[in-house]
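Work through the exercises below with the sequence and the model side by side, and try each task before you read its solution.

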Amino acid sequence: GLGVSNCRHDRDAGVVCYDPLYNGESNVTVRLVGGSHSGEGRVEVYFAGEWGTVCDRAWNIHAAKVVCNMLGYPRAIATESAFFGEGSGPIWLTYLLCRGTESNIASCHSRYGWGQSHFCTGGHSQDAGVVCSKSSTVLPTRLSGGRRPSEGRVEVFMNSKWGTVCDNGWDLFDA
């Protein structure tokens, strides 16, 4: 019974928990879907024999950099709210936390692990995307809605329209 045993401590049980995503021991393939060129689109991940999407909860420039680097692009912009259209199938990752230096998205940490889409309450309307670039050209940028020209909401010009920049992972370096 519990608490009653003739087992010595050199026989205590132990475990090693394995999470291939957290430990970075598994590589996955990514693709971009719905963009106007090969370097932009909704992020889709091939895992367990099936393509699925990434939820935009905690999605930021660091995760976008990892995806773009996987595809051979050194520069990245993160997009949210199914900017490149809603995907279908499983939502493989929610609350993906990357440093931006990982060589594969599987080396990032997901707070909930693979396939826990119930934490992505908006479903595919929250699919994450990226705009990747090989160019060092900076997108046209402006500040809008501030009291003076040196402050305001950051906006970039892309696909013939102005859009906002999400502040997930935004810091002084980004400013």
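This is a predicted model: local features need pLDDT of at least 70, side-chain atom pairs count only at pLDDT 80 or more; totals for chains, interfaces and linings use all residues.

Residues are numbered from 1 along each chain as its sequence is written, and side-chain values use heavy atoms, with hydrogens and water left out.

**Exercise 1.** Find how many disulfides a search of the whole structure gives, and state the pattern that they follow.

*Solution.* Start from the definition, by which a disulfide is a pair of cysteine sulfur atoms within 2.5 Å. With this cut-off the search of the whole structure gives 3 disulfides. When the bonded cysteines are counted along the chain, the pattern is 1-5, 2-6, 3-4.

**Exercise 2.** Describe the disulfide of Cys 68 and Cys 132 by its distance, its handedness and its place in the chain.

*Solution.* First take the distance, which is 1.9 Å between the two sulfur atoms. Next take the torsion about the S-S bond, which is about -80°, so this disulfide is left-handed. The pair links distant parts of the chain, with Cys 68 in helix 2 and Cys 132 in strand 8, 64 residues apart; helices (H or I, at least four residues) and strands (E, at least two) are DSSP runs, numbered from the N terminus. Finally, consider accessibility, where buried means under 20% relative accessible area, exposed over 50%, and partly exposed in between, with a 1.4 Å probe and protein chains only. Cys 68 has a relative accessible area of 0% and is therefore buried, and Cys 132 is buried at 3%.

**Exercise 3.** Work out where Cys 98 and Cys 108 lie, and which hand their link has.

*Solution.* The sulfur atoms of Cys 98 and Cys 108 are 2.1 Å apart in their disulfide. With 110° about the S-S bond, the link of Cys 98 and Cys 108 is right-handed. Both cysteines lie in the loop between strand 6 (96-97) and strand 7, so the pair ties together parts that are 10 residues apart in sequence.

**Exercise 4.** Decide whether Glu 44 is buried or exposed, and find which side chains it joins by polar contacts.

*Solution.* Begin by locating Glu 44, which lies in strand 2 (residues 40-47). Its relative accessibility is 6%, so Glu 44 counts as buried. A polar contact is a pair of N or O atoms within 3.5 Å; within protein, one must be able to donate a hydrogen and the other to accept it, and residues adjacent in sequence count only if both atoms are side-chain atoms. By this rule the side chain of Glu 44 is joined to that of Arg 31 at 2.8 Å, and to that of Arg 42 at 3.0 Å. Arg 31 also lies over the face of Trp 51, at 4.0 Å from the ring centre, where a charge sits over a ring if NZ of Lys or CZ of Arg is within 6 Å of the ring centre and within 35 degrees of the ring normal.

**Exercise 5.** Find how Phe 47 and Trp 114 are arranged as an aromatic pair.

*Solution.* Rings of Phe, Tyr and Trp (its six-membered ring) pair if their centres lie within 6.5 Å, and planes under 30 degrees apart count as stacked, over 60 as edge-to-face and the rest as tilted. The whole structure holds 5 aromatic pairs. In the pair of Phe 47 and Trp 114, the centres are 3.8 Å apart with 5° between the planes, and the pair is stacked. Phe 47 is in strand 2 and Trp 114 in the loop between strand 7 and strand 8, 67 residues apart. Ring pairs also link Phe 47, Trp 92 and Trp 114 into a cluster.
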